[in-house]
Amino acid sequence: MDWTSVAGIVLALAGLLIGHSLEGGKLASLMQPAAFVIVVVGTFGAVLLQTEKHTFLRGIRMLRWVFKPPPSQRAKLARDITQWSLLARRDGLLALEPHMLGNKDKFIQKGLRLVVDGIAPDKLRSLMELEVTSYEFSQRQAAKIWEAAAGYSPTIGIIGAVLGLIHVMENLGDPAKLGSGIAVAFVSTVYGVGLANLFYYPVGNKLKNIVAETVTQYEILTDVFHDIAGGDHSRVIEERVASLLTRP
């Protein structure tokens, strides 16, 4: 569990609620189901309209990474790379086949398969760089749905405010209904702006950072596969391992 994400949400909500209470406001005044439905459902409806279904669903699934990010693989990859290098120099490239078959990462599987198949190093690098580019594009597109939500949310909040005011104008003759309409109007704006800046934007940025970490590892692995295929000295591979462990 990434407790910094949990702490961030708690602090953001605490700041809003404590500030609201210090000014004499009541928590119940912020609980407006109508405003919540207008903003949240409307926002994701707009995002879905501009996004392909599989990209939208992938972005929703990626939300769990904010609170439980994929564990770092750098130390394990460093050990694996050292083992691949020594094995290839000692027993030949075909000795890497069991490691290819036993690895669950499709990127590593493809890289080792190209090495085992004897693909020319430069051609191998080109193929793996294309794989990295494809992965980065698809993952970033999925993460961008949260940025899109942050862009639409404040505007949908304003729409909710206008709807609330319409409700007020329709019931000017009934003072008992004026309060609820005004509440929906103002709370919709709070929901729209609050969700955009306290949740959607931070989620999108954190997901992009997680994707960037994986892309960094894949870029180093691309160089490693190139070096192994080219029969480079193990010292070169050791430098790759060092960069994997120390690169931010």
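**Helix packing and aromatic pairs in a predicted model**

Helix 3 (residues 53-62) packs against helix 8 at an angle of about 75°, and their axes are 8 Å apart. Helix 3 is therefore roughly perpendicular to helix 8, a label for angles of 65 to 115 degrees, where under 35 counts as roughly parallel, over 145 as roughly antiparallel and the rest as oblique. The axes are lines fitted to C-alpha atoms, for helices over the stretch in contact, with angles from 0 to 180 degrees between N-to-C directions. Helices are DSSP runs (H or I, at least four residues) numbered from the N terminus.

This is a predicted model, in which local features need pLDDT of at least 70 and side-chain atom pairs count only at pLDDT 80 or more, while totals for chains, interfaces and linings use all residues. Residues are numbered from 1 along each chain as its sequence is written, and side-chain values use heavy atoms, with hydrogens and water left out.

Which residues meet here? In helix 3 they are Thr55, Phe56, Arg58, Gly59, Ile60 and Met62, and in helix 8 Ser138, Gln139, Gln141, Ala142, Ala143, Ile145 and Trp146; contact means heavy atoms within 4.5 Å. This contact has seven nonpolar, five polar and one charged residues.

I turn to helix 2. Its packing with helix 8 (residues 121-170) has an angle of about 135° and axes 8 Å apart, which makes helix 2 oblique to helix 8. Among the contact residues are Gly42, Phe44 and Val47 of helix 2 and Trp146, Tyr152 and Gly160 of helix 8. The contact of helix 2 with helix 8 comprises twelve nonpolar, six polar and no charged residues.

Now the aromatic rings. Rings of Phe, Tyr and Trp (its six-membered ring) pair if their centres lie within 6.5 Å; planes under 30 degrees apart are stacked, over 60 edge-to-face and the rest tilted. The count by this rule is ten aromatic pairs. One of them, Phe36 with Tyr191, is edge-to-face, at 6.1 Å centre to centre and 85° between the planes. Because Phe36 lies in helix 2 (residues 33-50) and Tyr191 in helix 9 (residues 175-229), the pair ties together parts 155 residues apart in sequence. Phe36 is partly exposed, at 45% relative accessibility, whereas Tyr191 is buried at 17%; buried means under 20% relative accessible area, exposed over 50% and partly exposed in between (1.4 Å probe, protein chains only).

Trp84 and Phe225 are stacked, since their ring centres are 5.8 Å apart and their planes at 25°. Both Trp84 and Phe225 are buried. Finally, Phe44, Phe56, Trp146, Phe199 and Tyr200 form one aromatic cluster.

Key
Helices (H or I, at least four residues) and strands (E, at least two) are DSSP runs, numbered from the N terminus. Ala, Val, Leu, Ile, Met, Phe, Trp, Tyr, Cys and Pro count as nonpolar, Asp, Glu, Lys and Arg as charged, and the others, Gly among them, as polar.
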